[in-house]
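Please look over the notes below with the structure open beside you. They go point by point, starting with confidence.

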Amino acid sequence: LNKMSDKQNAQKSAKIAAGAVVCVESEIRGEVTIGARTVVHPKARIIAEAGPIVIGEGNLIEEQALIINSYPENIAPDSEGVEPKTMTIGINNVFEVGCMSQALKIGDNNVIESKADLGRNMILTSGCIIGACCQVNTCEVIPENTVIFGSGCQRRVQTERPQPQTLQLDFLMKILPNYHHMKKTVKTTSAVTPAKN
Amino acid sequence: MASLLQPDRVLYLVHGEKKIRSPLSTLYFCRYCSELRSLECVSHEVDSHYCPSCLENMPSAEAKLKKNRCANCFDCPCCMHTLSTRATNIPAPLPDDPSKTTMKKAYYLACGFCRWTSRDVGMADKSVASGGWQEPDNPHTQRINKLIEYYQQLAQREKLERDRKKLARRRPYMPLAFSQHTIHVVEKYGLGTRLQRQRPGAPITSLAGLSLKEGEDQKEINIEPAQALDEVEPLPEDCYTRPINLPEVTSLRQRLLQPDFQPAGASQLHPKHKHLLIKRSLRCRKCEHNLSKPEFNPTSIKFKIQLVAECQVLLTLTNPVENITHVTLVGCEEGDPEDINSTAKVMVPTKELVLAGKDAAADYDELAEPQDFQDDPDVVAFRKSNKIGFFIKVVPQREEDGDVTVSFKIRHDFRNLAAPIRPSEEGDAPTEAIWLTHHVELSLGPIIA
């Protein structure tokens, strides 16, 4: 019983690493871990309903983007025996304005363009670009450096991966705090504080 | 606003060479013939060429030389979007001191839609932003040019002989410029588009040109006939067993957009120059007046002359002109040859409907006197400035799954405000009204059981 309550109390709020810039107007619900140098714009939504979300470093999550770890459609939220699955997002990804991602595993250096829609059973490796307004809902692993574009979701492979948006990230990390309030980051503690009796 | 949002609901019948039914928004109105014209009963003429991305005008002769392609802009071979030039900084050794390196700008082409870059096909980065990109040469260009020259000469010779025969026959009469057949021959080998479309009564300058050509000594162009080969290259042995690399295979559309090479592999898809678009002007075939003439400047979407039907013809009983207009609706009689599409009988109001003129200031003029038309409430549902709503009774004839269509004729008076200047005799009435009749078909939608 103790362990259960510990687990529940362990992470009710988002764990934001130092160096990440997360605006107060963004909506973060559930167990979310955000890595360093990640920028979360206002009105972005990261919702961990059916399990925790772990976001790596150097990601750029723009306005009205929705990253949601939700229950699959045929399973009711209250049913027993549903293991919470963790959604992992790697480093240097870009979630452009208005996109929606439910994919459980996203690698590094991917770009999900505006109004794209990723299903739950997709796995992005690295260097993938999901074009604007493309809805991809298949159950597959997208190979590296794939570009999905067009109204028919055509695919092609590009020879080089998209560049990480370091310039843009640096710019935003300087400018955003001038105009928005930021969410508090968690200070990294080197030693475990002893529990007082 | 059926004209904008549901264009196919109200169709007007155009009496041209073919009977065409189309919505008013696609029709033109020739005010000299006082008739509706559709795109099929006007002649289309090319006004000017321009590039859709850099909006640069190009004179027709230059366009023909460059095969109607822009010199600066490229199309992505993968998705046919416009390519944009991007720059990167690369370290390059200084010419004076090879050990030090400075940053130099290198340019490459990239597509914003499918992320294709010129580096994908192995094209090296250029040091100039524009003008450095060349299309690969077609190895067959020389042979093709020689063949074209030979056939052009052949066509000219045939045309000369044919017209000589025609002249000899028609000596007693006025000689006509060209026969229809010679025009087709000319068109076949592309000798020139100016030679087509001889207007009736135009001077016969082309015959003078023929006699000049006879005087020149013509070069005899000989071509070698194509040689047929007995042996064909065999297919590679692993043709059936080799696994296909799907991203490398080009689609038919990508392949056929480059008819010179038609590459099967995506790593040989080179970008092509962008195709030019044209601005066209429309001319009524009967009276030879211009119906639509766009501005020359590619950035301007306005027209110098624009006789669009919506501005002249009555539009679902909104009065587009500024005079009071009288409208009579007449149902189609039995056996009317134009009445083929209607599936219901319609009873239209028999009285004449009066529409007020279009007054642009009416919305803002609060003190205006209310219009005093005595409207029969059984006929007129509402009236607002230059619009009127009226009742019709529809009796569907068949129990169909399709739409109910009714047709009737609208008869209204039309004043030609810009009539051609005629010498006025003793003070004519400024403009006379003429009565126009249009056959209208109205699609009312499906029957709800």
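**Notes on the predicted complex**

1. Some ground rules. This is a predicted model, in which local features need pLDDT of at least 70, side-chain atom pairs count only at pLDDT 80 or more, and totals for chains, interfaces and linings use all residues. Residues are numbered from 1 along each chain as its sequence is written, chains are lettered from A and ligands numbered from 1 in the order written, and side-chain values use heavy atoms, with hydrogens and water left out.

2. Overall confidence. Chain A has a mean pLDDT of 83, with 85% of its residues at 70 or more. Chain B averages 74, and 67% of its residues score at least 70. In chain A, pLDDT stays under 50 over residues 5–10, which have 0 contacts beyond four places in sequence. For the complex, the predictor gives an ipTM of 0.76 and a pTM of 0.68.

3. A mixed sheet in chain A. Here 8 strands form an open sheet, ordered 2-5-8-11-14-17-20-21, with mixed pairing. Strands (E, at least two residues) are DSSP runs, numbered from the N terminus. Two strands pair if DSSP finds at least two bridges between them. Strand 2 (21–22) and strand 21 (154–157) of chain A are at the edges; each has a single partner strand, so one side of each lacks a neighbour in the sheet. Strand 5 (residues 39–40) and strand 8 (residues 60–61) of chain A run parallel, joined by 2 bridges. Val40(A) stands opposite Ile61(A) in strand 8.

4. A parallel sheet in chain A. Another open sheet has 6 strands in the order 3-6-9-12-15-18, and its pairing is parallel. Its edges are strand 3 (27–29) and strand 18 (135–136) of chain A; each has a single partner strand, so one side of each is left without a neighbour in the sheet. Between strand 6 (residues 45–48) and strand 9 (residues 66–69) of chain A there are 4 bridges, in the parallel sense. Ile47(A) has Ile68(A) in strand 9 as its bridge partner.

5. The interface. Chain A puts 11 residues in contact with 9 residues of chain B. The two chains bury about 920 Å² between them, 51% of it on carbon and sulfur atoms. Buried area is the accessible area (1.4 Å probe) that two parts lose on being put together, summed over both.

6. Charges across the interface. The rule finds 1 salt bridge between chain A and chain B. A salt bridge is a side-chain nitrogen of Lys or Arg within 4 Å of a carboxyl oxygen of Asp or Glu. The side chains of Glu113(A) and Arg115(B) meet in a salt bridge at 2.4 Å, N to O. Strand 20 (146–149) and strand 21 of chain A each supply at least two residues of the side that touches chain B.

7. Salt bridges in total. Over all chains the count is 12. One joins the side chains of Lys18(B) and Glu40(B), at 2.7 Å, N to O. Lys18(B) lies in the loop between strand 1 (10–15) and strand 2 (19–22) of chain B, and Glu40(B) in the loop between strand 4 (35–37) and strand 5 (42–50) of chain B, so the pair ties together parts 22 residues apart in sequence.

Methods
Contact = heavy atoms within 4.5 Å. pLDDT = per-residue confidence, 0-100.
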